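These are my notebook entries on a single structure. I set out to look up its pocket, its charged contacts and a few separations along the chain.

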Amino acid sequence: MRDKRKKFIDLAEARVNRAIKDLRLIGNLSNRSAYEYGEDDVRKIFRALQKEIDSAKGRFGGDADAREEGFRLE
């Protein structure tokens, strides 16, 4: 049982840290001097992220997984 706990901790820490890093990189896209985007783009990005967070959270509660293929702005 301890091995499963250790494996969970190791993977959770690595994956959450990677997700945080990637979220920070997404935040870097807000630089208007480097990128051009609209409010609709921002809504789509954060809607997709929130949907995946809600799905992941639900899986811890036993909800079924309904994954989509990937994110596309257009």
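Entry 1: I sorted the lining of the largest pocket by residue class and found 20 nonpolar, four polar and 12 charged residues. For this sorting, Ala, Val, Leu, Ile, Met, Phe, Trp, Tyr, Cys and Pro count as nonpolar, Asp, Glu, Lys and Arg as charged, and the others, Gly among them, as polar. I noted a volume of about 1,300 Å³ for the largest pocket. Of its 36 lining residues, Ala19, Ala48, Leu49, Glu52 and Ile53 are the closest to the centre. A pocket here is an open set of points on a 1 Å grid over the protein atoms alone, where a 1.4 Å probe fits, with protein on both sides within 12 Å along at least five of seven lines; lining residues have an atom within 4 Å of a point. Grid points are joined across faces, edges and corners, and the volume is the space filled by probe spheres set on the points.

Helices are DSSP runs (H or I, at least four residues), numbered from the N terminus.

**Entry 2: basis of the values.** I record that this is a predicted model, in which local features need pLDDT of at least 70 and side-chain atom pairs count only at pLDDT 80 or more, while totals for chains, interfaces and linings use all residues. Residues are numbered from 1 along each chain as its sequence is written, and side-chain values use heavy atoms, with hydrogens and water left out.

**Entry 3: salt bridges.** I counted four salt bridges, each defined as a side-chain nitrogen of Lys or Arg within 4 Å of a carboxyl oxygen of Asp or Glu. Asp40, Arg43 and Lys44 are linked in a network of such bridges. Aspartate 40 meets arginine 43 with the closest N and O atoms 3.8 Å apart, and it meets lysine 44 at 3.5 Å, N to O. Within helix α2 (residues 39-60), aspartate 40 and arginine 43 are three residues apart, about one turn of the helix. Lysine 44 and aspartate 40, in α2 as well, are four residues apart, again about one turn.

I checked whether these side chains are buried or exposed. Aspartate 40 is partly exposed at 37% relative accessible area, as are arginine 43 at 48% and lysine 44 at 26%. The scale sets buried at under 20% relative accessible area, exposed at over 50% and partly exposed in between (1.4 Å probe, protein chains only).

**Entry 4: arginine 32.** I found arginine 32 in a salt bridge with glutamate 39, at 3.6 Å, N to O. Arginine 32 also lies over the face of tyrosine 37, at 4.1 Å from the ring centre. That assignment requires NZ of Lys or CZ of Arg within 6 Å of the ring centre and within 35 degrees of the ring normal.

Entry 5: Glycine 62 has its place in the segment after α2 and counts as exposed at 62% relative accessibility. The C-alpha atoms of glycine 62 and isoleucine 26, 36 residues apart along the chain, are separated by 29 Å.

How values were computed. Helices (H or I, at least four residues) and strands (E, at least two) are DSSP runs, numbered from the N terminus.
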